[in-house]
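Hi,

Here is the structure I promised to pass on to you. Have a look at it first, and then read my notes below.

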Amino acid sequence: MNKRELFLRHVAQTSPAPLGLDIIKAKGSILRDADGKKYLDLIAGISVCNVGHGHPKVVKAIKKQVDDYMHLLVYGEMIETPQVQYAKWLTDHLPASLNSVYFTNSGAEATEGAMKLAKRVTNRTQIIAFNKSYHGSTQGALSIMGDEYWRNAFRPLLPDVLHLEYNAAESLQEITSQTACVIAETIQAERGVFAPSAQWMAALQEKCRETGTLLILDEIQTGFGRTGTLWGFEQFNVVPDIVLMGKALGGGMPMGAFIADQKIMQVLTENPVLGHITTFGGHPVCCAAGLAAFKVLLKEEIVNLVTDKAALFHELLLHPLIKAVRANGLLMAVEFDHFDINKKVIDGCLQQGLLTDWFLFAPECMRIAPPLTITEKEIKKAASTILQVLDAVQEAK
Ligand code: PLP
């Protein structure tokens, strides 16, 4: 069997048509496959590689940590320097009430931990989430996913979950003194980049405060500069009770986190003790990588340039087949009439060495979420490839 056949035979598959590119090297915004073909990466591993692939400072930090030590003991027992340092750096760059970090292995696990924490703190069971949101694929996170098609086959799921319309004033009336938490993406990514109004966000926070409900904001895709500010919620002038992080948090290594005030977080230490347990959460190599990437993001002034780079995409992406370009920083959705056009564009771009994708709840939209370090030249090249492919799709119609 060749490598592709082995991949299809022995690596569990969840897609009938996996991309199956055989990438052997990734640097900056460029991936190179086994045949030497180069791809310009417009999706950054789904908003993971914000500082680019293989950043030398991240690689160096990983190598150093591997030399010092890897796994020592289950989460929270040992003082592991990279973990302590990363928690300190993160909380130094968050509002004062977000001062205690629980590191997990993934975004979904951060969602799980935060929901457990909210139930434990409030002594309530109801969880409110929103239609067309995504918070992970484990059973709890799936229970709050905002789309019945994806949930249905896995029932029974968590009870006492209510799904409401995002950015709708009437939804807020459903939040009551029975509600443990409201969990929302700061900007709904998989809906095809949909931002709520600042007014709605403020009203949501207010309603949560009034009813003693915890507000959980999912920054797993919107964090780490993706939307043009370090955290997406800065743009809405709200502070969540718990924030979820993942994706770019690990600088290319697997990581998630839920972050809250220590006063809240400490309930996980009693009745029962070990209120949330993980063997590998906060792995020292992942923390070392994440911290190095975070320092790069802050020091190399990458975040400040996000808005200008997004504006350049906007300026260049003009074509009769494009219905709209929705963007929050470098989280962008290019909307077409329907999925068929999108698929042709995505396939055509791939042939031309440009890697894009669609969105879970918006198959008619093409995802553009490159490494934030993408250069002006690369943006121009990407846009010109997309326009060429669009011309070809239009001609073939
Ligand atoms: N929340 C959001 C907004 C996401 O986009 C994702 C992943 O795409 C998750 C949670 C789940 O993260 P993970 O895939 O690391 O479990």
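Before the notes, one term: two residues are in contact when they have heavy atoms within 4.5 Å. Please also keep in mind that this is a predicted model.

Let's start with a pair of helices. The axes of α11 (residues 306-316) and α13 (residues 376-396) come within 10 Å, and they cross at roughly 25°. Angles under 35 degrees count as roughly parallel, so α11 is roughly parallel to α13. The crossing of these two helices, α11 and α13, is right-handed.

Which residues in α11 and α13 meet? From α11 come Lys-309, Leu-312, Phe-313 and Leu-316. On the α13 side, they meet Glu-376, Ile-379, Lys-380, Ala-382, Ala-383 and Leu-387. Sorted by type, the residues of this contact between α11 and α13 are 7 nonpolar and 3 charged, with no polar ones.

Now for the cysteines. How many disulfides are there? With a disulfide taken as a pair of cysteine sulfur atoms within 2.5 Å, the count is 0. Two cysteines show why. For Cys-208, the closest cysteine sulfur belongs to Cys-181 and lies 8.8 Å away, which is too far for a bond. For Cys-287, the closest one is in Cys-286, at 6.9 Å, and that is also too far for a bond.

Are Cys-208 and Cys-287 buried or exposed? Cys-208 counts as buried because its relative accessibility is 1%. Cys-287 is buried too, with a relative accessible area of 0%.

Enjoy exploring the model!

Best wishes

Technical notes:
Residues numbered from 1 in each chain as written. Predicted model: local features only at pLDDT ≥ 70, side-chain atom pairs only at ≥ 80, totals over all residues. Heavy atoms only, no water. Axes fitted to C-alpha atoms, helices over the stretch in contact; angles between N-to-C directions. Helix = DSSP H or I, 4+ residues; strand = E, 2+ residues; numbered from the N terminus. Parallel < 35°, antiparallel > 145°, perpendicular 65-115°, else oblique. Left-handed = near helix turned anticlockwise from the far one by under 90°. Nonpolar A, V, L, I, M, F, W, Y, C, P; charged D, E, K, R; others polar. Buried < 20%, exposed > 50% of the residue type's maximum accessible area, 1.4 Å probe, protein only.
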